[in-house]
Amino acid sequence: MPDREDPTATDRGGEADIAVHWQEEPMVAPPRAVRRPPHLADPTLKPRFASARFPGSFEAYAEMLTWSRRWDRTLDADRPPFYRWFPGGRLNASVNCIDRHLPDRAASPALVFVPEPESEAPEVLTYQDLYDRVNALAAYLHRGLGAVPGERVTLHLPMTPELPIAMLACARLGLPHSVVFSGFSGEACGLRIADSQSRFLITMDGYFRNGRWVDLRRAAERAYQVAHAEGHPPEKVLVLPRRPGHARWEPTLRPRVEIDLEAELQSYRSAREVAQDLPSDHPLFLMYTSGTTGRPKGVQHNLGGYLAYAAGTTYYYQDLDPDDVYWCMADIGWITGHTYIVYGPLALGAQVVLYEGVPTWPDAERPWRISEQLGVTVFHTSPTAIRQLRRLAPSGPGRHRTRFRLLTSVGEPIEPETWHWYFSEVGRGRAALVDAWWQTETGGILCATAPGVDPMKPGSAGPGALGIFPEIRDEEGRVIPPGSGRAGALVIPNPWPGQMAGIWGDPQRYVETYYRRFNLHPESTDWRDWPYVTGDGAVQAMDGYIRILGRMDDVINVAGHRLGAKEIESACLTVHAVAEAAVVPVSDPVKGRCPEVYIALRPGFEPSLDLADRVTRAVETTIGKIARPTRVWFVPDMPKTRSGKILRRVLAAISNRRPSGDLTTLANPEVVAEIEQLVRTARERSDAEAGRQ
Ligand code: WTA
């Protein structure tokens with residue numbers, strides 16, 4: 001059994017088990033130089049979002065959008081946990097992100113694209129340019145290919161303007177898009193095409209990353225084969241060139257399947273495509289994310305609620321106005337990029353920087369150079385990126401004339417030391433720092449301090465966002481009072497507009513994964529009986545600020561990228577010699593967490609470097625390089641309960657150099673000492689080798 005004292009401890013050895021040991025830090029007041037935005041400093045703001053005002057409070061977010069028809073009700077909660085926000089309302093996301101800004105801002109920059117190679121100059125797309133290009137693509141998809149609302153489109157595209165353009169073209173037509181992170185393998189892309197039954201795949205010949213050309217087009221071949229084998233090949237694969245006029249690919253798929261999209265778009269250059277007038281609960285996009293099973297799930301976000309929440313939280317927590325130059329360094333292939341690069345900022349008519357490459361190319365001062373050149377005022381990134389930049393160039397930010405007024409950290413817990421460097425070196429103590437906690441499923445920020453107004457606490461994601469009232473619960477579902485110092489499961493009791501609408505094609509799994517745990521009355525039609533279970537462990541201080549400890553489930557957050565332990569395990573099992581695989585999170589000074597894998601071989605096979613290599617490569621081809629295990633340990637047997645369940649908690653303890661805890665439930669406790677010995681010896685050997693070099 002897990003340790004009763006700590007409800008975040010799991011049999012799995014989840015991330016939250018690797019407790020983050022930093023102390024509760026004192027509050028830091030917002031620097032005096034930072035502006036106090038009047039809309040945030042307004043003393044009536046929080047009361048307007050008080051729980052007694054729910055759900056009407058969220059109409060303020062919906063009112064930031066342009067609707068062709070106003071909603072009839074704020075929230076339809078008749079069938080929890082299936083919610084419909086602003087039912088009866090009609091709108092279009094591309095109209096909200098582009099068309100409505102044209103009267104005032106047609107010639108203002110919408111996107112500033114910064115290619116990774118410094119030899120290529122930044123490219124500015126005004127709102128008018130964005131309008132033209134979105135219309136051209138939408139016109140081709142509709143008139144050329146006959147796309148009709150509701151059909152899914154998978155986008156496997158890098159961080160170039162073509163990605164937001166494709167998303168907004170889909171949104172214009174009511175085609176839910178499913179963006180697959182460009183670092184994912186062709187195989188991972190193929191499975192997502194099949195699961196969403198996408199009619200089209202839009203991809204690119206390649207892109208630049210870390211100084212190298214990455215061939216994305218080859219992944220499309222594999223994606224096509226995999227989707228075909230799953231019974232749902234895309235009807236068309238549309239390929240764009242990274243450099244217009246310089247395609248670097250040869251067609252290899254069937255001629256009518258694979259299409260040179262650049263050539264097709266020539267005849268649609270000045271086309272205008274009427275935006276579909278869509279109901280508020282029309283699906284806007286799917287975003288596949290890792291969970292507790294071997295297969296990623298398609299998190300579905302619906303138009304009206306999601307877009308309102310994206311706009312509202314961007315307004316209050318990124319505090320953007322049209323004079324700001326805003327740069328979020330996340331990838332659009334993850335939810336952060338969807339909400340806080342594309343939909344939120346563009347809905348507000350902001351100026352958005354889009355950077356193709358890695359922050360450390362060609363050196364770790366690149367982000368500060370870009371920020372100085374473009375005059376970035378609001379900057380948003382992950383703790384992993386901050387740790388990397390700090391490690392490689394600790395005084396890098398000081399050598400540049402940057403003028404940040406707001407900094408954001410998102411995706412993983414940020415430890416106070418890194419927080420302080422970000423605040424004093426990057427922000428020079430003159431910028432507010434927002435540590436924003438949220439998830440793919442939540443659509444937008446759920447915990448954060450209001451920038452410039454709320455005091456900040458290093459290492460703590462702050463209080464619930466407007467209209468959000470987070471709670472920490474123990475194993476029995478009882479609320480743990482703030483300030484008790486006890487950790488527990490983080491839950492959100494009330495619905496909110498950014499909340500996922502469901503899991504694509506699997507309503508049952510949606511209910512089971514996110515609501516079953518603390519639901520006492522499965523028949524209840526009162527939303528109060530359906531608290532949303534985040535999967536994170538957390539502690540809440542007396543002042544209500546929440547410190548996230550990490551995942552309590554099978555998700556491992558590597559460098560802010562969300563990976564499924566079971567997905568990695570399934571990938572390992574594709575190697576014939578592997579009998580059993582167990583993946584555990586290990587704490588890492590730069591990436592936060594990394595996966596290590598334990599392998600038991602089938603009889604007749606011996607551990608070897610070659611086998612370890614094959615296991616690593618299997619993970620890379622099935623998922624992508626980001627999931628590559630940092631160590632592969634071959635063990636004689638897995639520690640197991642009497643019912644045969646692998647106790648990953650024990651392996652996680654060994655990997656994290658912690659005591660393995662209670663072993664009484666094990667059927668084979670003797671194997672633990674053997675594994676400990678084996679890991680210790682290997683570590684000593686590699687430490688000695690490192691010492692010799
Ligand atoms: C983690 C990313 C601590 C958390 C937006 C969550 C964080 C998972 C923070 C979701 C933060 C995100 N502090 N942990 N500020 N933000 N997380 O779906 O474990 O890619 O459950 O969404 O990242 O990852 P996802």
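The model is a predicted one: local features need pLDDT of at least 70, and side-chain atom pairs count only at pLDDT 80 or more, whereas totals for chains, interfaces and linings use all residues. Residues are numbered from 1 along each chain as its sequence is written, and side-chain values use heavy atoms, with hydrogens and water left out.

An N or O atom in the side chain of Thr440 is 2.5 Å from a ligand oxygen. For the side chain of Asn557, the distance to an oxygen atom of the ligand is 3.0 Å. Glu412 uses a backbone N or O atom, 3.3 Å from a ligand nitrogen.

The protein divides into domain 1 (1-92 + 304-553), domain 2 (128-276) and domain 3 (555-692). These bounds come from an automatic or database domain assignment. The C-alpha centres of domain 1 and domain 2 are 30 Å apart. Their contact (heavy atoms within 4.5 Å) takes 19 residues from domain 1 and 26 residues from domain 2.

Together, domain 1 and domain 2 bury about 2000 Å², 63% of it on carbon and sulfur atoms. Buried area is the accessible area (1.4 Å probe) that two parts lose on being put together, summed over both. On the domain 1 side, Asn92, Glu356 and Trp504 lose the most area to domain 2, together 32% of what that side buries.

The count between domain 1 and domain 2 is 1 salt bridge, defined as a side-chain nitrogen of Lys or Arg within 4 Å of a carboxyl oxygen of Asp or Glu. Glu356 also forms a salt bridge with Arg242, with the closest N and O atoms 2.7 Å apart.

Two cis peptide bonds were examined. One joins Phe54 and Pro55, with omega about -5°. The other joins Pro80 and Pro81, with omega about 5°. Asn210 has a positive phi of about 55°, although Asn210 is not a glycine.

Definitions and conventions: A polar contact is a pair of N or O atoms within 3.5 Å; within protein, one must be able to donate a hydrogen and the other to accept it, and residues adjacent in sequence count only if both atoms are side-chain atoms.
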